[in-house]
Amino acid sequence: MAPGSSTNSSAPTAELAAGAASGPKGGSIATATAGPATATPAGTESPRPGAGDLAGLEAGLDALDSTVVSRQPWLRSVLSKAFPPLVAIVIVLGVWQLAYHFQLKPHYLLPSPLDVYRSLQQKWLEGTLLSFVWTSVSRGALGFLASVVIGSLLGLIVARIKPVRAAIGPILSGLQSLPSVAWVPAAIIWFGLSDATIYAVVLLGAVPSIANGLVSGVDQISPLFLRAGRTIGATGLAGVRHVLLPAALPGYLAGLKQGWAFSWRSLMAAELIVNAPDLGTGLGQLLEQGRELQDMSWVLAAILLILIVGIGIELLIFAPIERRVLRSRGLLVKN
């Protein structure tokens with residue numbers, strides 16, 4: 001080969017090497033890769049992304065999925081949660097005071113907030129206020145726990161056995177819509193003026209709600225979860241414990257909350273009517289005593305206590321459980 005041709009063939013090779021070396025700075029590689037793809041010569045390997053490139057890609061994808069959470073000072077967090085309810089309470093008290101001031105009703109029919117506070121203070125100083133609250137709360141808790149056991153078993157049977165659902169499902173829905181106070185006369189005839197009457201009314205009011213909540217939760221389970229459970233051998237009681245109940249937990253929890261609301265309402269309805277010296281005095285009996293004495297301050301104080309207990313149970317027990325369940329399923333981000 002002639003010397004001139006050897007010099008000409010080595011010049012393009014030197015230029016390509018220089019372009020590859022200056023690619024990251026001058027952008028020659030980006031320009032080259034933007035063009036049409038060319039066949040790779042035989043015996044050479046195509047370029048592969050390095051470990052650093054893959055790590056960067058994974059980090060970028062993780063950043064897209066992650067949620068940035070800014071931590072707030074605890075005082076600001078408490079104020080942000082407590083301020084709206086406090087504003088609502090102040091507005092209600094203000095409207096109540098205005099209605100009292102302009103005498104929309106006579107003062108003996110519509111006492112002021114201060115009069116109701118004095119009535120509560122009087123019961124507190126007498127040492128009877130906490131006993132009234134404890135009597136009703138203990139009855140409600142015991143009746144609710146019994147309702148959870150019965151309603152959960154009934155809900156599982158109805159949800160998993162189709163003939164039973166066809167026979168009992170409509171009855172459960174009808175019982176859930178039936179006012180709890182309708183059971184009080186029948187319970188008095190069956191059990192007399194006793195604690196059994198009160199607990200019977202609570203059970204009849206709460207069990208249908210808990211059972212229907214569990215049935216609704218089971219119906220929302222993906223069939224894939226059930227097949228996966230059977231594949232790994234989770235059948236029978238093990239399948240119920242490890243697959244069915246955890247998967248149905250959101251609907252089941254909603255049924256429990258509704259069941260507590262129904263049990264508390266049923267309890268107050270029963271205590272209003274079932275009144276005997278041997279039964280003790282709960283908030284329902286306290287409300288009825290105020291009606292008999294025509295003391296509206298007493299009546300409104302009892303209503304306020306019933307409301308406070310219901311809200312307290314919701315905030316202290318059910319709300320933390322619900323937040324924990326939602327957070328475990330990625331539906332709620334912890335601040």
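This report describes the confidence, the overall make-up and selected local features of a predicted protein model.

## Basis and confidence

The model is predicted, and local features need pLDDT of at least 70, side-chain atom pairs count only at pLDDT 80 or more, and totals for chains, interfaces and linings use all residues. Residues are numbered from 1 along each chain as its sequence is written, and side-chain values use heavy atoms, with hydrogens and water left out.

The mean pLDDT (the predictor's confidence in each residue, from 0 to 100) is 75 for the protein, and 73% of the residues score at least 70. Confidence is highest in helix α7 (residues 129–160), with a mean of 90, and lowest in helix α3 (residues 28–34), with a mean of 39. Residues 1–46 have pLDDT below 50, and this stretch has eight contacts in the model beyond near neighbours in sequence; a contact means heavy atoms within 4.5 Å. Where pLDDT is low, the predicted coordinates should not be read in detail.

## Overall make-up

The protein contains 15 helices and zero strands. Helices (H or I, at least four residues) and strands (E, at least two) are DSSP runs, numbered from the N terminus. Of the 335 residues, 30% are buried; buried means under 20% relative accessible area, exposed over 50%, and partly exposed in between (1.4 Å probe, protein chains only). Among contacts with a separation of 6 or more, 69% join residues 24 or more positions apart.

## Helices α8 and α10

The axes of helix α8 (residues 162–177) and helix α10 (residues 195–219) come within 9 Å and cross at roughly 125 degrees. Axes are lines fitted to C-alpha atoms, for helices over the stretch in contact, and angles run from 0 to 180 degrees between N-to-C directions. The two helices α8 and α10 are therefore oblique to each other, as angles under 35 degrees count as roughly parallel, over 145 as roughly antiparallel, 65 to 115 as roughly perpendicular and the rest as oblique.

Helix α8 contributes Arg165, Leu172, Ser173, Leu175 and Gln176 to the contact, while α10 contributes Pro208, Ser209, Ala211, Asn212, Val215 and Asp219.

Ser119 lies in helix α6 (residues 113–126) and is buried, with a relative accessible area of 10%. Leaving aside residues up to four places away in sequence, Ser119 touches Ser297, Trp298 and Ala301.

Tyr108 is located in the loop between α5 (74–101) and α6. Tyr108 is exposed, with a relative accessible area of 62%. Tyr108 and Ser297 are 189 residues apart in sequence and 8.4 Å apart in space, C-alpha to C-alpha.
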